[in-house]
Amino acid sequence: MEGGGAVSDVMTQDAGTDVQQMNMIQAINSAMDVMMERDPTVVVMGEDVGFFGGVFRATAGLQQKYGKNRVFDTPITECGIIGVAVGMGAYGLRPVPEIQFADYIYPALDQLVSEAGRLRYRSAGEFIAPMTVRSPFGGGIFGGQTHSQSPEGIFTHCSGIKTVIPSTPYDAKGLLIAAIEDNDPTIFFEPKRIYNGPFDGEYDTPATSWAGHADAQVPTGYYRIPLGKARIARAGGALTILCYGTMVHVVEHTVAMLGLDAEIVDLRSLVPLDIETIEASVKKTGRCLIVHEATRTSGFGAELLAQVQERCFHYLEAPIERVTGFDTPYPHSLEWAYFPGPVRIREAINKIMKD
Amino acid sequence: MTDPHDSAGLQGKAGHNLPPLRLHVPEPPARPGESADFTHFDIPAADAAPRPDETAQPATMRDMAYGLVRVLDENGAAVGQWNPNLPSETLLRMLRTMALTRAFDARMFRAQRQGKTSFYMKSTGEEAVSIGAALALDRDDMCFPSYRQQGILIARDWPIIDMMNQIYSNKGDRLKGRQLPIMYSARDAGFFSISGNLTTQYPQAVGWAMASAARGDTRIAATWCGEGSTAEGDFHSACTFASVYRAPVIMNIVNNQWAISSFSGFAGAEATTFAARAVGYGIAGLRVDGNDVLAVYAATRWAADRARANAGPTLIEHFTYRVEGHSTSDDPSAYRSAEESSLWPLGDPIARLKQHCIALGIWDEDRHAAMDKELAELVRDAAREAEKNGILGHGLHHPMESMFEDVFEEMPRHLKEQQQQMLDEWKAAGL
């Protein structure tokens, strides 16, 4: 396990838990399985999640195991799915709704932003929305403009919502368990490009699987990774790179190619944000690159850039750079020109390191 | 002939000899200065509506969505199959609760005009919709109200001084001054936090009801929205979910004819009834005289019994009239005929129940006048008491730093920093 190692973040873990090789889908499935076993109020709902087990198979087997009262298909109305989840939360359940693609989450925005995100506040704690909204997000799968988007910045902009994005099977399970246990609404974006294997951004080379990857060794039982704690994916001194989701792997690959001693910070959670880890890293390296797949303007990178500037200005040796998706819809045929791949990341690193 | 508005040059093209298309933009029957005319309303006799069995299949009772469930006739007699035959004490409790709600509204409206708060919304003329339903439901059934169902809280004996504290956003406000006046939340009264965003409570109520059913509970949910906001997507999502899972929920549409200045035609009233929305979803639909508290009670009881029998949801349209403005922020004389409320053919809900009680010999004018006086004093005294906790904008609010509480269960670092920054800035400014 590269610098920082995920296992050290384990807060709580069942004694004597077996460890298995899992891809990210299996790890997410295992998280829901563990939580449904432990907590009878956990319910899973969404389009195609029941008998079929989800279009990405993330809920496979759960309905057979826990019954239709706890795992059920829903009508195709994202507004309805989240609105119903708010009501179930008010009743005392702990819903884990799935939005089939993050690109489809917009009809649910009012229920997420105005209802789930503000319910605790507006009722002074009388009612809460302890839901975890799972949704595959991000591109790199030739999904076109309706199966590729990264809308995390829309949610980080709104009060009362946590936004969590894993980059490994191990993190996916531990973070999802923490999100389900959390009493606040959490958007859990799953980078679908790395469901079945890490992706280094070299789109014309054969896909790799999670087999043999250290972070694909996942305990079969209960463990949690706290929300709001970043992971140092690679320790280094030359440059800090802030990233999350699929981009962690693309950045790791690019840094390895360059032979650069960069520190790669996998944020894991955007709200709450582990600003301490970010600040300490940038003060150490004096240089900062931010990489995300989402569009640039008002993207989460802008917030990161502002906070690093506020806290680390006198430590910076070079301007902070961003490598992001462009401010266009996600193009189908030009996907690899849009995707912030190794070429674009390398150019930005060279620019930062030149100063 | 050249049409000056035809800038795109679309008209009169060769081969286009079809009549021009016309856009229909609805217009209410009467605007300010014009006479109101309700003669086109088809109001069936009070005993005309049949009462289906509570477990009837929706397809067998579609006519109910186009008729009108009534109980009180023009003489104040309770008639027909829907007569709930309530005991005198319940009738008098209904009367008093409606009168208290009206007195409360009058007092709080005046408080807003006196500058003691920012906003208020009266339910004048619609008291029966909330109170008839609240008394027909069990106390632990969960209500997901809209913003004009203050009658539910009053019917459930939630302290009116707590309601006033909320309206004044003062230091006694249980919601810590975070919500616009009248956006109550009262978990102990089975009253869900009012949003202000329209009809978001509909799918939430269905979700609560689904949870209750999934857990083998016996409690049901009820929700309310206005006729205008049936146009929201949430309404239709909720109806779909309610139908699909046969959720134990009562979905009420308060058709008070007006959505601020938009008459019900902008929500589709020219084409059909609002209860008829139920037909397309295959759920039971009832259309009820919303100014007849006995009819509201009977319909709600029918729907509640249906839900408890696992026979599914009910959509109820309460046909009523919004006597006052939408809120303290609009003047209805600017957009509708001033004659409408006095000519409303279904009368006033309090006057009608009063007439009924007098006809039964359990009430009289003197007692009614004494009750009104007593209730006016009761709300006046409660308001004075609430004002000791402060009125809006006069300093007696929750402490500034409380602004940052309850965003999350535990305050994250960024909010702690912003909280500290605010306090530091005020301190530096010498405040």
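1. In this predicted model, strands β2 (residues 221–226) and β3 (residues 249–255) of chain B run parallel and are joined by six bridges. Within this pairing, B:Gly226 stands opposite B:Val254 of β3(B). Helix α8 (residues 293–308) of chain B packs on the sheet, where it touches β3, β6 and β7 (314–319) of chain B. The direction of helix α8 makes about 165° with that of β6(B).

2. The sheet to which these strands belong is open and has five strands, in the order β1-β2-β3-β7-β6 of chain B, with parallel pairing. Its edges are formed by β1 (142–144) and β6 (284–289) of chain B, each of which pairs on one side only. On average, neighbouring strands of this sheet are turned by 20° against each other, direction ignored.

3. Chain A also contains an open sheet of five strands, ordered β11-β13-β12-β15-β16, but its pairing is mixed. The edge strands here are β11 (231–234) and β16 (321–325) of chain A, which pair on one side only. From one strand to the next, the twist averages 25°.

4. Two strands of the chain A sheet deserve a separate remark. Strand β12 (residues 239–243) and strand β13 (residues 262–266) of chain A pair in the parallel sense over five bridges. One residue to look for is A:Thr240, whose bridge partner in β13(A) is A:Glu263. Helix α10 (residues 300–312) of chain A lies across β12, β15 (288–295) and β16 of chain A, and runs at about 160° to β15(A).

5. The next point is the interface of the two chains. The size of an interface is often given as the accessible area lost when the parts come together. Chain B and chain A bury about 3700 Å² between them, and 58% of this area is on carbon and sulfur atoms. The contact takes 45 residues from chain B and 44 residues from chain A.

6. Polar contacts also join the chains: the count is 25 residue pairs between chain B and chain A, both residues being at pLDDT 80 or more. On the side of chain B that touches chain A, α5 (201–214), α6 (233–245) and α12 (413–428) of chain B each supply at least two residues. Helix α5(B) gives the most to this side, with nine residues. By class, the side of chain B that touches chain A has 19 nonpolar, 13 polar and 13 charged residues.

7. Side chains of opposite charge can pair when their charged atoms come close. How many salt bridges does the rule find across the interface of chain B and chain A? It finds three across this interface, while the count over all chains comes to 50. A:Arg311 forms a salt bridge with B:Glu417, with the closest N and O atoms 2.5 Å apart. The side chains of B:Arg174 and A:Glu126 also meet in a salt bridge, at 3.8 Å from N to O. B:Arg174 lies in the loop between α4 (160–168) and α5 of chain B, and A:Glu126 in the loop between α5 (119–122) and β6 (132–137) of chain A, so the pair joins two chains.

8. Most residues other than glycine have a negative phi, and most peptide bonds are trans. The peptide bond from A:Val271 to A:Pro272 is cis, with omega near -5°. A:Pro272 is found in the loop between β14 (269–271) and α9 (275–285) of chain A. A:Ala124 is not a glycine, yet has a positive phi of about 50°; A:Ala124 lies in the loop between α5 and β6 of chain A.

Definitions and conventions:
Residues numbered from 1 in each chain as written. Chains lettered and ligands numbered in written order. Predicted model: local features only at pLDDT ≥ 70, side-chain atom pairs only at ≥ 80, totals over all residues. Heavy atoms only, no water. Pairing = 2+ DSSP bridges. Helix = DSSP H or I, 4+ residues; strand = E, 2+ residues; numbered from the N terminus. Axes fitted to C-alpha atoms, helices over the stretch in contact; angles between N-to-C directions. Contact = heavy atoms within 4.5 Å. Buried area = accessible area lost by both parts, 1.4 Å probe. Salt bridge = Lys/Arg side-chain N within 4 Å of Asp/Glu carboxyl O. Polar contact = N/O pair within 3.5 Å; in protein donor to acceptor, adjacent residues only side chain to side chain. Nonpolar A, V, L, I, M, F, W, Y, C, P; charged D, E, K, R; others polar.
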